[in-house]
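Hello,

Here is the structure you asked about. My notes follow below it.

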Amino acid sequence: MYNVIFKRRSVRFFKSDDISKVDMREILRAGMWAPSAKNRQPWKFIVVKGESKKEALALMEKGIERAEKGEGVLAGSPELYVNARFTLKCMEQAPILVFIVNPDGRPLTDTWTTAEKIHELSDVQAIGAAAENMALQATSMGYGSLWIGNIFFAYDELHEWLGEGEMVLAMSFGIPNHHPVPLARKDEDEIIEIRD
Ligand SMILES: Cc1cc2nc3c(=O)[nH]c(=O)nc-3n(C[C@H](O)[C@H](O)[C@H](O)COP(=O)(O)O)c2cc1C
């Protein structure tokens with residue numbers, strides 16, 4: 001297991017080759033078997049390829065442009081725009097883009113009671129677990145993945161385009177076309193505190 005965990009990298013350059021339906025199904029199934037609060041399984045995986053992927057990426061570009069003009073939920077973060085545009089280039093190369101939506105999720109802009117916030121946080125944790133399961137399964141099969149937070153530049157556009165649930169995350173999948181150098185992690189002593 002450690003082998004796969006350490007081997008997984010965020011892949012940002014992909015070959016144009018597709019992932020077979022059988023292999024993609026295996027990766028998605030790994031996501032489905034993630035734990036979730038009360039076994040709610042608060043997810044739907046929307047697999048986007050070909051023309052649909054072009055549509056989604058055009059909307060993402062629109063979202064970034066809006067942010068650059070000072071509009072949208074992530075406006076006012078100019079240092080992030082260049083990074084978002086680079087992410088878009090990575091997503092263009094990858095043959096498959098998977099959105100995870102929470103069918104019962106609530107809009108980011110909602111106001112929450114504490115109980116509702118805990119419910120939502122639990123669902124987001126479960127979705128993160130599903131995504132990591134997929135990333136690890138993809139790695140173990142020789143595929144690469146990229147987790148994409150930059151979709152939120154186009155939160156309004158993509159949310160409407162997806163047409164259901166609450167968009168929580170997206171991940172690109174494909175065959176790696178580079179060998180990313182592992183990025184350093186913080187010092188273990190800084191991260192791990194043992195109280196006994
Ligand atoms: C929630 C989340 C959002 C991320 N969003 C992006 C993104 O939009 N673009 C990108 O290039 N990488 C994105 N990443 C990848 C991180 O940059 C990467 O995981 C981190 O730098 C560590 O590198 P590694 O995954 O190769 O270990 C995201 C990762 C996570 C967990």
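**Strands, helices and cores**

Strand β3 (residues 144-148) and strand β4 (residues 166-174) pair in the antiparallel sense, with five bridges between them. Keep in mind that this is a predicted model. At one of these places, G144 has G174 in β4 as its bridge partner. Strand β3 is mostly covered, with four of its five residues buried.

Next, a pair of helices. Helix α3 (residues 50-68) and helix α6 (residues 155-162) have axes that come within 8 Å and cross at roughly 155°. Angles over 145 degrees count as roughly antiparallel, so α3 is roughly antiparallel to α6. On the α3 side the contact is made by S52, E55, A56, L59, K62, G63 and R66, and on the α6 side by D156, E157, L158 and W161. Sorted by class, this contact has five charged, four nonpolar and two polar residues.

In soluble globular proteins, nonpolar side chains tend to be buried together. The largest nonpolar core here has 29 residues, and L97, F99, I151 and L158 touch the most other members. Two or more residues each come from β1 (44-48), α3, α4 (78-93), β2 (96-102), β3, α6 and β4. Helix α3 gives the largest share of this core, six residues. Apart from this core lies another, of 22 residues, including I96, I100, A138 and M171.

Which residues does L158 contact, leaving aside its neighbours within four places in sequence? They are A56, L59, F99, I151 and M167. Of these, A56 and L59 are also among the α3 residues that meet α6.

Regards

Technical notes: Residues numbered from 1 in each chain as written. Predicted model: local features only at pLDDT ≥ 70, side-chain atom pairs only at ≥ 80, totals over all residues. Heavy atoms only, no water. Buried < 20%, exposed > 50% of the residue type's maximum accessible area, 1.4 Å probe, protein only. Pairing = 2+ DSSP bridges. Axes fitted to C-alpha atoms, helices over the stretch in contact; angles between N-to-C directions. Parallel < 35°, antiparallel > 145°, perpendicular 65-115°, else oblique. Contact = heavy atoms within 4.5 Å. Nonpolar A, V, L, I, M, F, W, Y, C, P; charged D, E, K, R; others polar. Core = buried A, V, L, I, M, F, W, Y, C linked by side-chain atoms within 4.5 Å.
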